[in-house]
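Work through the exercises below with the structure open. Each task is followed by a solution in steps.

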Amino acid sequence: MARLIARRYGLRWYNADAHTWEHRDRAIAAGHPAAIRFEALPRAERWSVPRAELIAMSLHHERGQMIVDDLSALPPAPLIIAEGTPITPAVVATVPGGPAASVWLQPSAGVQRARLRERGLSAGQLTLYRSLAGEIETEVAEYGARRLVIDGENGVEETVAAVETIFAEVLSGGPVAATGDERARLLRSANRATVAQYEAFFARPWSPGDARTTAHAFACECGRTDCQDDIDLAVADFPAPPDDAASPPVLAPGHHRTR
């Protein structure tokens, strides 16, 4: 939802998932014991620890402040649409104007069960996901935060429309990217964050796979407001930095950079 809205309106898209390993590296550098323990444990053993340790090693609570720091360091324009599990009502409450421009998309119990079942998760992974979902639901209720329940009745476009209605006043006030070049640069920034996420993961000694054999669906960088296309590329094939005018855009077939 966040990515579609960002592309449609010319917003900066901040995807918390694309900063997971960067945040973990910050926590390790700060000597955070749970972050250090996560890296030291064999991958199979990480999911067999007690529930409290699962949550601690996820850095769910610590990453909230890191995200606030990330957002504070970004340029003031255009508007930022930020999303991800660690962005909780408690985190948003620390940001000026945040509560009025926030919404939590929460799956119904049936939708959540179905989606978790589709992922084929281990028992430990299920415990973590369900625990975090429970914490977030409790916090949304405690803060009286706005929410949309995803019950499977509406499709993507209907849900995007509901979010657009909630954010109508904010979106109309801007600022947003006004040209195709500006929108393309925002898309490159989001794509670059994804590349950095993979590279930080592959740099770990226990990490399987590599950038040559791992593909990702990157957003088309044509800059059109109606473009929703993605391009599957090996991470290693994404254009190397610097991300300047000489760097070729990643484009869907038949698409061209707009001005």
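**Exercise 1.** Determine which residues Ser131 touches, leaving out those up to four places away in sequence.

Solution. The model is predicted.
- Step 1: Ser131 is located in helix H8.
- Step 2: With sequence neighbours up to four places away left out, Ser131 touches Arg51 and Ile55.
- Step 3: The side chains of Ser131 and Arg51 are joined by a polar contact of 2.9 Å.
- Step 4: The relative accessibility of Ser131 is 8%, so Ser131 counts as buried.

**Exercise 2.** Classify Gln125 as buried, partly exposed or exposed, and find the backbone nitrogen that lies 2.8 Å from a polar atom of its side chain.

Solution. 
- Step 1: Gln125 belongs to helix H8.
- Step 2: Its relative accessibility is 21%. Buried requires a value under 20%, so Gln125 is partly exposed.
- Step 3: A polar atom of the Gln125 side chain lies 2.8 Å from the backbone nitrogen of Ser122.
- Step 4: Gln125 can also be placed relative to Ser48: the two are 77 residues apart in sequence, and their C-alpha atoms are 9.1 Å apart in space.

**Exercise 3.** Count the aromatic pairs in the whole structure, then classify the pair Phe201 and Trp206 and the pair Phe218 and Phe238.

Solution. 
- Step 1: Searching the whole structure gives eight aromatic pairs.
- Step 2: For Phe201 and Trp206, the ring centres are 5.7 Å apart and the planes are at 70°. Planes over 60 degrees apart count as edge-to-face, so this pair is edge-to-face.
- Step 3: Both partners are buried, Phe201 at 17% relative accessibility and Trp206 with a relative accessible area of 19%.
- Step 4: For Phe218 and Phe238, the ring centres are 4.8 Å apart and the planes are at 40°, so the pair is tilted.
- Step 5: Phe218 lies in strand S5 (residues 215-219), while Phe238 lies in the segment after strand S6 (230-234), so this pair ties together parts that are 20 residues apart in sequence.
- Step 6: Phe218 is buried with a relative accessible area of 1%, and Phe238 is buried with 5%.

**Exercise 4.** Describe the surroundings of Trp206, using its contacts, its aromatic cluster and its place in the largest nonpolar core.

Solution. 
- Step 1: Residues up to four places away in sequence are not counted; Trp206 then touches Trp21, Phe38, Glu39, Arg43, Arg46 and Phe201.
- Step 2: One aromatic cluster is formed by Trp21, Phe38, Tyr198, Phe201, Phe202 and Trp206.
- Step 3: Two arginines lie over ring faces in this cluster. Arg46 is over the face of Trp206, 4.0 Å from the ring centre, and Arg24 is over the face of Phe38, 3.9 Å from the ring centre.
- Step 4: The largest nonpolar core has 14 residues, and those that touch the most other members are Trp21, Phe38, Val49, Met57, Leu128, Phe201 and Trp206.
- Step 5: Two or more residues of this core come from each of helix H3 (33-40), helix H4 (51-58), helix H8 (123-143) and helix H11 (180-202).
- Step 6: Another core lies apart from this one; it has 12 residues, including Leu4, Leu11, Val103 and Val160.

**Exercise 5.** Locate two cis peptide bonds and a residue other than glycine with a positive phi.

Solution. 
- Step 1: Most residues other than glycine have a negative phi, and most peptide bonds are trans.
- Step 2: Ala77 and Pro78 are joined by a cis peptide bond with omega about 0°. Pro78 sits in the loop between helix H5 (60-73) and strand S2 (80-83).
- Step 3: From Pro241 to Pro242 the peptide bond is also cis, with omega near 10°. Pro242 is in the segment after S6.
- Step 4: Leu59 has a positive phi, near 60°. Leu59 lies in the loop between H4 and H5 and is buried, with a relative accessible area of 0%.

Definitions and conventions. Residues numbered from 1 in each chain as written. Predicted model: local features only at pLDDT ≥ 70, side-chain atom pairs only at ≥ 80, totals over all residues. Heavy atoms only, no water. Phe/Tyr/Trp six-rings, centres within 6.5 Å; stacked < 30°, edge-to-face > 60°. Buried < 20%, exposed > 50% of the residue type's maximum accessible area, 1.4 Å probe, protein only. Helix = DSSP H or I, 4+ residues; strand = E, 2+ residues; numbered from the N terminus. Lys NZ or Arg CZ within 6 Å of the ring centre and 35° of its normal. Core = buried A, V, L, I, M, F, W, Y, C linked by side-chain atoms within 4.5 Å. Contact = heavy atoms within 4.5 Å. Polar contact = N/O pair within 3.5 Å; in protein donor to acceptor, adjacent residues only side chain to side chain.
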